[in-house]
Amino acid sequence: MVSKVLIANRGEIAVRIIRACRELGIETVAVYSEADRRALHVRYADEAYLLGPAPSRDSYLRMDKIMDIARKSGADAIHPGYGFLAEREDFAQACMDADITYIGPKPSAIAAMGDKAVARATVIKAGVPIVPGTEDVGNMTDADLLAVAPKIGFPLLIKATAGGGGKGMREVRSLEEMPALLASARREAESAFGDGNVYLEKLLSGARHIEFQILADGKGNAIHLGERDCSLQRRHQKLLEEAPSPAMSEELRARMGAVAVKAAQAVQYENAGTIEFLLDKDENFFFLEMNTRLQVEHPITEMVTGIDIVMEQIRIARGRTLSYKQEDIKLTGTAIECRINAEDPYNNFLPSTGVITHSILPTGPGVRIDTGVYPGFEVTPYYDPMIAKLIVWGETRGQAILRMRRALEEYRVVGVHTNIPFHQSLMNSHRFMGGQYDTRFVEERFSMEGQAEAKEGFPEIAVALATLVAHQQTQRSAQIVRRGERDTSNWKWVGRWERMHR
Ligand code: MV4
């Protein structure tokens, strides 16, 4: 039964889940830390319970307190969101043991896909192509890894067995440098996941990071909702995602989607999940990992399919069969999501904290904002710096880009720095506009440190830059723009670009 849901999370995803529950007439229970007393998810929920001090280890990671509040509140289901306790097999198990519905996959599926070496061994058996590398399950010693490395070939990557997302990842260019990199990778994996085991993969450079959204009802029905291109990452943090990928064809989508469904079925997957691939320039694709949770970037899939993924999660948790068959899934238009982070792109993206004193949110046709902050809310250093997701939809990719440019120009946040200028420069990059980017693009092309040096090292240049930026913003905000020049050039560009890409 799912009639009262405890949301074991905070910020924009907690608000997102509460919205789906309210539309289904389901009561909601929020949990919050002392730093989140005035948070939006606390205000939107029917009930709210204090977890404890601000640090995650004293609040959102305190499984015991969350289970206690679930019992006290009479919640009969828990949604983990993403991060914190999502993808924690022991949390899903604790819910089952307490006869509380976990809105997500079974503990066994979390376990199977949580250990990346086991995940690789599992999908190999299902005939899913994996990135060449170690295929041995279990705890390989340094000696084992050093012996097999020359067969894999350099450059290669050391990756943490117990977790994805790049933590514990090291690039190795030669056998000589490998022992030291193994040691540092193990140390980082140990501190991040409590497990220092690692495995090896051949480094596929110049590939794209493509992930497929899966929905499965645990009754044998499993479908995919198309792909998301997540190649634009900085230090393994996704910055922008788009659906569909500019590198995808219908035929390739059908092939990759079928393999993604097969990988999910290999662990009898249930609920929403994501299969991550690397796609190279010759349309070869390789399984990277499976995320056994709702993803940050799920809204772009919702925008192009019209499916409310969180509602589907709740329906599946209630024991319903999937609302859709694979042939029902049609992708329409293009959606782009920019993660709006409270960080300073001109100061090495350092987190920016403080009270948001004012904000103007973009809106209008095809614009969606998922956020957990508002004027008066204090952004603290305790949690991830993402304060909002700006999602736009356009009939074509060109129109989505123009819409994102317009929305970013409208978006104002006063009180903290944000990475909005970074996204604006990305939206104006010809490589991005042409869809010609891969996983190296941001690190190689988009370090804004250069402008940071200008700002710091040479004040006169910084003053000139700041004046220019301020002038441009004033012009834009006052719409004092030579309309003829911008409008026709934009639409001319879109028309020209689309004719080229038909
Ligand atoms: C890779 C890869 C290339 N070759 N694995 C995995 C974790 C995720 N955050 C990035 N991951 C990658 N795994 C192999 N064998 C490329 C990526 C990757 C990436 C790597 C470095 C910098 C940015 C990246 C963006 C997307 C994917």
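Predicted model: local features only at pLDDT ≥ 70, side-chain atom pairs only at ≥ 80, totals over all residues.
**Cis peptide bonds**

A cis peptide bond links F154 to P155, with omega at about -5°. P155 sits in the loop that runs between helix 7 (142–152) and strand 6 (156–160). Another cis peptide bond is found between A243 and P244, where omega is about -5°. P244 lies in the loop between strand 11 (237–243) and helix 9 (250–265).

| Cis bond | Omega |
|---|---|
| F154 and P155 | about -5° |
| A243 and P244 | about -5° |

**Positive phi angles**

D99 is not a glycine, yet its phi is positive, at about 60°. The residue belongs to the loop between helix 4 (89–97) and strand 5 (101–102). Is D99 buried or exposed? The relative accessible area of D99 is 70%, and exposed means over 50%, so D99 counts as exposed.

N271 is not a glycine either, and its phi is positive at about 90°. Where is N271 placed? N271 is part of strand 12, which spans residues 270–279. The relative accessible area of N271 is 1%; the cut-off for buried is under 20%, and N271 is therefore buried.

**Summary by site**

For P244, with its cis bond to A243, the loop lies between strand 11 (237–243) and helix 9 (250–265). With positive phi, D99 is in a loop and exposed, whereas N271 is in a strand and buried.

Note on methods. Residues numbered from 1 in each chain as written. Heavy atoms only, no water. Helix = DSSP H or I, 4+ residues; strand = E, 2+ residues; numbered from the N terminus. Buried < 20%, exposed > 50% of the residue type's maximum accessible area, 1.4 Å probe, protein only.
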